[in-house]
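Please look over the model shown here before reading the notes. They cover the ligand site, some helices and some backbone angles.

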Amino acid sequence: MKKYLRLSGAILFLLIVGFQAQGQALETAVSLDGNSQTVDKKEMANRVKAEFMHAWKGYKTYAWGYDALQPLSKKPHNWYKKSLLMTPVDAFDTMILMDLTDEANEAKALIFKELDFDVDMDVQNFEVSIRVFGGLLSAYELDGDRRFLSLAEDLAKRLIKAFDSPTGMPYRYVNLKTGATSGAISNPAEIGTYLVEYGTLSKHTGNPVYYQAALKAMNALYALRSPLNLTAEGINVETGKVTNPESHISGCIDSYLEYMLKGSILFKDQELTAMWTPTLEAVNKYLADQTPDGLWYGHADMYSGNRTASSYGALDAFFSGTLALTNDLERAAALQSSNYKMWMLNDIEPEVMNYRTMKVDYGTYALRPENFEGAYYLYQYTNDGRYLEMGKNMFNNLVKFCRTDDAYAALKDVRTKEKQDSMESFFFAETLKYAYLLFDDSGKLDFHKVIFNTEAHPYRMD
Ligand code: DMJ
């Protein structure tokens with residue numbers, strides 16, 4: 001452990017010697033546990049692609065046309081009464097990036113044949129937006145077929161009705177057919193994670209209303225920050241009142257922070273930059289927590305700044321990538337070391353742990369992507385082979401503990417490794433995409449020319 005700490009704490013890593021062997025790009029790196037190790041990027045990219053195919057085959061065999069596969073019972077699963085093709089839409093751009101042309105074509109044909117949003121059902125605005133609307137937009141950008149854009153706009157015209165509240169902050173649920181809304185008690189992630197998709201739609205359609213609606217919601221939410229510039233976990237979108245004053249970077253707030261920064265970069269929006277600067281300062285001042293085990297981000301009361309919980313988990317791991325994107329590579333590297341440590345404590349990361357006791361609070365692993373995302377971002381900015389090794393070791397454990405005969409399964413508890421009957425679409429959209437892109441040398445996607453939505457769907461910056 002001490003050896004690990006010495007290594008992970010060092011800002012200057014010892015090496016990256018890139019060389020060519022047998023036509024493959026190899027990078028050698030000093031292993032995270034002190035032994036020399038070589039990561040063969042091409043081999044790793046191929047392994048990730050093969051595992052994508054394994055899971056995709058399971059979906060195709062047992063759940064084709066449904067939202068998702070339940071991997072243990074091998075039963076299909078829909079979120080609502082009619083499928084929104086969550087898995088094929090979410091997975092489509094990953095297949096394009098992996099050059100899985102036949103699979104992408106099959107998914108595309110299914111989408112154009114089956115996807116129909118004119119259905120009388122209440123859907124969760126946030127989830128449908130980041131997965132389905134977000135996936136259709138990147139499908140359009142990568143594939144060029146305008147039918148993807150038409151579907152995206154049709155969906156957005158239905159979802160945007162959720163923003164029809166007294167404050168402009170969206171309700172949690174909206175009926176796709178009637179536009180009826182519900183769920184006034186919400187949270188920043190479900191209020192402020194729309195700018196990247198709505199702005200991209202405005203760009204492609206020339207219609208500014210989408211960006212304006214998302215920005216209005218973001219502004220209304222930002223206005224509710226505390227005098228310390230901290231964000232509340234609970235918000236009533238009708239009254240604009242804070243319902244829960246706990247502040248953190250965890251689920252319920254995470255992607256609001258992410259979209260403030262990403263919106264400012266993607267749309268060169270100075271208004272958003274002016275919001276992001278004090279927000280990040282407050283997050284680093286009141287939520288960051290340095291312990292003997294590394295840098296973490298905990299929870300605090302938004303008014304006093306006092307610590308309320310020393311919780312950190314799989315979802316929080318996104319923040320190393322956000323720190324890298326905002327050019328704070330020092331904190332980003334430190335946090336990614338913590339992320340990796342969290343992963344390795346039980347071979348797979350838990351949903352939530354206490355970073356003071358280093359004990360698991362909530363042991364599920366939902367096949368989440370954020371730790372791979374962090375390693376990918378850090379590698380793009382530093383070219384440091386340490387991140388390849390993190391990715392390789394995490395991926396090896398993912399295969400070892402989550403693979404089933406037919407697909408991949410979440411874990412009920414990372415301590416027992418007991419599996420759970422769930423394989424979320426973000427496993428295809430994010431986890432396997434970030435793992436693949438970490439090792440991919442094809443140049444098919446230029447990291448520095450895109451912004452990923454929170455579901456890992458890339459949008460061009462030009
Ligand atoms: C995804 O749906 C998105 O990344 C979201 O922002 C957070 N949760 C999952 C992945 O863990």
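The bend at a residue is the angle between axes fitted to the seven residues ending there and the seven starting there. Helices (H or I, at least four residues) and strands (E, at least two) are DSSP runs, numbered from the N terminus. On those terms, helix 16 bends by about 30° at Lys 433.

This is a predicted model, in which local features need pLDDT of at least 70, side-chain atom pairs count only at pLDDT 80 or more, and totals for chains, interfaces and linings use all residues. Residues are numbered from 1 along each chain as its sequence is written, and side-chain values use heavy atoms, with hydrogens and water left out.

**Helix 16**

- Helix 16 covers residues 426-439, and its 14 residues should span 20 Å at 1.5 Å a residue; the end C-alpha atoms are 19 Å apart, which agrees. The expected span of a helix is 1.5 Å times one less than its number of residues.
- Helix 16 is largely enclosed by the rest of the structure, because 14 of its 14 residues are buried. Buried means under 20% relative accessible area, exposed over 50%, and partly exposed in between (1.4 Å probe, protein chains only).
- Thr 431 is found in helix 16, and its relative accessible area is 0%, so Thr 431 is buried.
- The side chain of Thr 431 reaches the backbone oxygen of Leu 367 at 2.7 Å. A polar contact is a pair of N or O atoms within 3.5 Å; within protein, one must be able to donate a hydrogen and the other to accept it, and residues adjacent in sequence count only if both atoms are side-chain atoms.

**Ligand site**

- Around the ligand are Ile 130, Leu 315, Arg 368, Pro 369, Glu 370, Phe 426, Glu 430, Thr 454 and Glu 455, each with a heavy atom within 4 Å of it.
- This shell divides into four nonpolar residues, one polar and four charged. Here Ala, Val, Leu, Ile, Met, Phe, Trp, Tyr, Cys and Pro count as nonpolar, Asp, Glu, Lys and Arg as charged, and the others, Gly among them, as polar.
- An N or O atom in the side chain of Arg 368 is 2.8 Å from an oxygen atom of the ligand.
- Glu 370 has a polar side-chain atom 2.8 Å from a ligand oxygen atom, and Glu 455 has a polar side-chain atom 2.8 Å from a ligand oxygen atom.
- Taken alone the ligand exposes 290 Å², and the protein buries 92% of that. Accessible areas come from the Shrake-Rupley method with a 1.4 Å probe; for residues, only the protein chains shown count as cover.

**Positive phi angles**

- Most residues other than glycine have a negative phi.
- Leu 367, not a glycine, has a positive phi of about 65°. Leu 367 sits in the loop between strand 19 (359-362) and helix 14 (370-382), and is buried at 0% relative accessible area.
- Lys 74, also not a glycine, has a positive phi of about 55°. The loop holding Lys 74 runs between strand 4 (68-70) and strand 5 (75-77), and Lys 74 counts as partly exposed at 35% relative accessibility.
- Asp 347, which follows helix 13, has a positive phi near 75°.

- Asp 269 caps the N-terminal end of helix 11, with a side-chain oxygen 2.9 Å from the backbone nitrogen of Glu 271.
- Helix 13 (residues 329-345) has 17 residues and reaches 24 Å from its first C-alpha to its last, close to the 24 Å expected at 1.5 Å a residue.
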